[in-house]
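Let's walk through this fold together, one piece at a time. Keep the model open beside you as you read.

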Amino acid sequence: MKIVMLGAPGVGKGTQAKRISEKFGIPHISTGDIFRANIKENTELGKKAKTYIDQGLLVPDELTLELVMDRFMQDDAENGYILDGFPRTIPQAEALDEALRNTEDDLDFAVNIVLPDEEIISRMAGRRVCITCGGTYNVDFRPTKKEGVCDACGGEVILREDDKPETVKKRLDVYREQTQPLIQFYEKAGILHNIDGLIGMEKVTEKIAGILGGE
Ligand code: AMP
């Protein structure tokens, strides 16, 4: 089963992708997480990506594709995956289609979580992430037990540089311009499913599982 998660930054794609990955036993592939891991390890890719990410811009397609195409080749991706944050542009979606065509395979579902901008901005202001394990929290509705400390691994929990309000606005503009056209792209392909993100995290997971045929 091959799934693409769509939606603006901050709609909860990452949280849902993690849950679905566990429920269905398929790997969660997040380009954002891969970039952040590279930044932490100060790799060449990380250094290049950081200059774009910190400004709320997309990392250029060429660099992103190099990274993702490698990931698909790994053994755990053999029976499918859930993509979170990729594709983010039409050329990336076309490159993915092309790669799948070569393996005579297809994407099965594109799940689009929809939220109003005001809700996105307020959720992102409250979002916190563990710099060690990548665990996500929210000061308003999913706080850590101890402030600033990850419940899962004890790592430091911070506000991501690109979740700061001035960068969030830029990311939403970039989303509208470069990523939103993917909704139509996957609608045309006949695999698009829209979900209202306002119904709450648990219900969104249930809806997605229902669409994928889990219950
Ligand atoms: P995310 O964690 O998915 O919100 O990604 C964080 C940042 O990483 C984004 O704002 C982009 O700068 C960069 N990024 C992640 N995935 C991609 C992608 N598929 N194409 C280009 N840039 C990306």
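Strand S5 (residues 127-130) is joined to S6 by three bridges, and the two run antiparallel. Strands here are DSSP runs of E with at least two residues, helices are runs of H or I with at least four, and both are numbered from the N terminus. Two strands count as paired if DSSP finds at least two bridges between them. Look for Arg128, which stands opposite Tyr137 in S6. This is a predicted model, in which local features need pLDDT of at least 70 and side-chain atom pairs count only at pLDDT 80 or more, while totals for chains, interfaces and linings use all residues. Residues are numbered from 1 along each chain as its sequence is written, and side-chain values use heavy atoms, leaving out hydrogens and water.

Now widen the view. The open sheet has three strands in the order S6-S5-S7, with antiparallel pairing. Strand S6 (136-138) and strand S7 (157-158) stand at the edges with a single partner strand each, so one side of each has no neighbour in the sheet.

Next, turn to the helices. Helix H6 (residues 117-126) lies across S5 and S6, at about 40° to S5; such angles run from 0 to 180 degrees between N-to-C directions, and axes are lines fitted to C-alpha atoms, for helices over the stretch in contact. Contact means heavy atoms within 4.5 Å.

How do helix H1 (residues 13-24) and helix H9 (residues 201-212) pack, and at what angle? Their axes are 10 Å apart, at an angle of about 50°. In H1, the residues meeting H9 include Ile20 and Phe24, and those they meet in H9 include Ile208 and Leu212.
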